[in-house]
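Dear colleague,

I am passing on the structure we spoke about, and my notes on it follow below. Please look through the sequence and the model before reading on.

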Amino acid sequence: MPHDAGARRRNGTGLGILLALVCAAALFTALPDDDREGGGTCTARTFASWTAEKRITDEFARYGDDAARDDDWTGGDGTHSVRLPDGRLLWLFSDTYLGRVYAPPNPVGESYAWRDVSTPLVRNSAVVMSESGRLERTLPAPVFPDPAPQQWRWPVAARVEPRSPGSLDQVVRVLLWTRTAGQAPWIYGVPTATEVATLSLPDLRVEGITTVLDQRSVADPARRVLFGTTAVDEGDWTYVFGGDDAQATSRPASKAYVARVPRGGLADPGAWEYWDGERWTVRAVPRPVLGDGQRTGVGSAFSVLRDDGTYVLFTMASGAAGLTTVTSYWACSPTGPWHGPTRSFDPHLPDGEVAAYNPQVHTELSDDERVVLSYDVNWLEATGTSAQANLSRNVSLYRPRFVTLRLGSAL
């Protein structure tokens, strides 16, 4: 049965270090009189109800638990997807466990499929799903090599584009976040650059990687912006959203930013324009479109879709609810103003000291009646060693879950 959007909130446990992608969203925002670019012509939108999307969740469980394989995906986060021209669906992940999974019971006698605690983690991976919805194979991982020692790449949003303007030859463009190992509070890496990788079709081979926005010259890492958590195509433009890394500092909420590029031009750094608070400019000095760093804001990984002329943004909620609760904003333009948060919901979480994060819309699986959204799950612990032990004794914990949303009026 669908769950009403006003369903009871869970009490957040708040144990351990919050995950890198779990941070505050908004508490309240006054609605301005009109909207930049949108002209106040759209309607307030959010989700009206939600229900668990068991079929897709179960397919990742089936594939991850396949004990016949010893070098494929068994769990990961940072879930993104893109539909390929031949109908296949390419799933992109950030930190990923490969290796063999063993049937239950686990070494402590629990009825969970498990992996050896020494199984290494790779920084990114990709899994191919057939047009019929069956996961078939994992690409050799990592797909995107480390750019330098102590640096790594996390894939985010992706698009199929012409190889060059007007070309009939298509490629996959994958936005990448480059991060550099750092000390506390940057335990998940210091934001370094936004890049775009080009994958060939149909064989999905990496042809090259281009830097779009290098942030190393920004002295304060908390002010560095990485783009690509989500992208929306509209008219002649692809709007690419990004965020800063407030969760690593004292600010309770990250800020959202937006850039745009002519459709088909993601791999051309000179084609990118950034919203500077008043206009689009090629100067890479973006200003936030959502978030004051205190009362309002987003997690560094959030998702945006366009529905009947309205942009709808999904992110984790504020405070302790950011461990369990997905909330939403809406706007008539990608540059805002963004209204909300509106409704929130608590997706299912497995037992244990776990958190939900990185809500991502998958338009390839959505239609006019429903929106498919994934969220990632991870263990909350103060040390990576203890977290890895818990993720290894129960491999189902570190995998995406899916829900179906029905959109409606936010008023």
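Does C42 count as buried or exposed? Please keep in mind that this is a predicted model. With a relative accessibility of 13%, C42 falls under the 20% cut-off and therefore counts as buried. Its partner is C332, to which C42 is joined by a disulfide with an S to S distance of 2.0 Å, and C332 is likewise buried, at a relative accessible area of 8%.

The structure holds one disulfide. C42 sits in the loop between β1 (3-4) and β2 (45-52), while C332 sits in the loop between β21 (326-331) and β22 (344-345), so the bond ties together parts that lie 290 residues apart in sequence. Because the torsion about the S-S bond of C42 and C332 is about -85°, this disulfide is left-handed.

Turning to the nonpolar cores, the largest has 26 residues, of which L305, F314, F345, L373, V403 and L405 touch the most other members. The elements that give two or more residues to this core are β2, β20 (310-316), β23 (354-361), β24 (371-379), α2 (384-393) and β25 (401-409), and β24 gives the most, with five residues. If neighbours within four places in sequence are left aside, L405 is in contact with F47, S49, W50, F314, F345, E369, R370, V371 and L373. There is also a second, separate core of 21 residues, which includes W154, L213, F227 and A259.

With best wishes

Terms used:
Residues are numbered from 1 along each chain as its sequence is written. This is a predicted model: local features need pLDDT of at least 70, side-chain atom pairs count only at pLDDT 80 or more; totals for chains, interfaces and linings use all residues. Side-chain values use heavy atoms; hydrogens and water are left out. A disulfide is a pair of cysteine sulfur atoms within 2.5 Å. Helices (H or I, at least four residues) and strands (E, at least two) are DSSP runs, numbered from the N terminus. Buried means under 20% relative accessible area, exposed over 50%, partly exposed in between (1.4 Å probe, protein chains only). A nonpolar core is a set of buried Ala, Val, Leu, Ile, Met, Phe, Trp, Tyr and Cys residues joined through side-chain atoms within 4.5 Å. Contact means heavy atoms within 4.5 Å.
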